[in-house]
Amino acid sequence: MIEQLYKVHYAELNRFARSIAGNDKEAEDLLQETFARALAHSVTLERLAVYERRAWLYKVMRNILYDRRRRTKFETALPEGYDPWTDVDFLAGLKTEELLECLPPQLCEVVRQRYILGMTGKQIADRSGVPHPTVRYRLHTALRLLRKKLDQEKEGFPL
């Protein structure tokens, strides 16, 4: 059935992919991924009418493109000649990683999810399977321990 879909819809899907994609390579990738998903959902597609299969293929292709664009929206290229060792923010990030290594794994993960990944307490609770108040307590405990480590460092004690 997938082979038949490919034969019938390839040409028009190819035109559609080229019209919505930024270049020919991206259009080819969209086509490949669309038909790969069709193969994965072949049982569902068999139950659909011919016009519904065609609509499904178009919608999947469009959604693949949207997902890719959404993902790349947050990616930024580094400027040419960038040296991380002279970048104060990068060095501060290394310091952050050193500090987080001082925490127990559970507390470290909660801090990463909250302050590095930007997740809410509710999202962290849902993802880790613990109650929301437990997440708040772990964040409070982790921040208290980090403050203590920073105070020790200021007084001349190494981490």
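Me: At what angle do helix 1 and helix 2 pack, and how far apart are their axes?

Reply: Good place to start. Two packed helices are described by the angle between their axes and the distance between the axes. Bear in mind that this is a predicted model. Here, helix 1 (residues 2-20) and helix 2 (residues 24-40) pack at an angle of about 145 degrees, and their axes are 9 Å apart. The crossing of helix 1 past helix 2 is right-handed.

Me: Which residues make the contact between them?

Reply: On the helix 1 side, the contact includes Ile-2, Leu-5, Tyr-6, Tyr-10 and Leu-13. From helix 2 come, among them, Ala-27, Leu-30, Leu-31, Phe-35 and Ala-38. By type, the residues of this contact divide into 13 nonpolar, 1 polar and 3 charged.

Me: Let me pick Ala-38. Is it buried or exposed?

Reply: Compare its relative accessibility with the cut-off: buried means under 20%. Ala-38, which lies in helix 2, has 0% relative accessibility, so it counts as buried.

Me: What does Ala-38 touch, leaving out residues up to four places away in sequence?

Reply: Its partners are Ile-2, Leu-45, Trp-56 and Leu-57. For a distance along the chain versus through space, take Ala-38 and Val-60: they are 22 residues apart in sequence, with 8.7 Å between their C-alpha atoms.

Me: Now the largest nonpolar core. Which residues touch the most other members?

Reply: Those are Leu-13, Leu-30 and Leu-57, in a core of 18 residues. Helix 1, helix 2 and helix 4 (50-72) are the elements that give two or more residues to this core, and helix 4 gives the most, with 7 residues. Another core, of 15 residues, lies apart from the largest one and includes Leu-99, Val-110, Val-130 and Leu-139.

Me: One last feature. Which residues of helix 7 are buried?

Reply: In helix 7 (residues 121-128), they are Gly-121, Ile-124 and Ala-125.

Me: And why do the buried residues of helix 7 line one face?

Reply: Look down the axis of helix 7: its buried residues fall within an arc of 100 degrees, so they line one face of the helix. On the other side of helix 7, you will find Lys-122, Asp-126 and Arg-127 exposed.

Me: What follows helix 7?

Reply: Gly-129 does, and its phi is positive, near 75 degrees.

Terms used. Residues numbered from 1 in each chain as written. Predicted model: local features only at pLDDT ≥ 70, side-chain atom pairs only at ≥ 80, totals over all residues. Heavy atoms only, no water. Axes fitted to C-alpha atoms, helices over the stretch in contact; angles between N-to-C directions. Helix = DSSP H or I, 4+ residues; strand = E, 2+ residues; numbered from the N terminus. Left-handed = near helix turned anticlockwise from the far one by under 90°. Contact = heavy atoms within 4.5 Å. Nonpolar A, V, L, I, M, F, W, Y, C, P; charged D, E, K, R; others polar. Buried < 20%, exposed > 50% of the residue type's maximum accessible area, 1.4 Å probe, protein only. Core = buried A, V, L, I, M, F, W, Y, C linked by side-chain atoms within 4.5 Å. Arc of directions from axis to C-beta.
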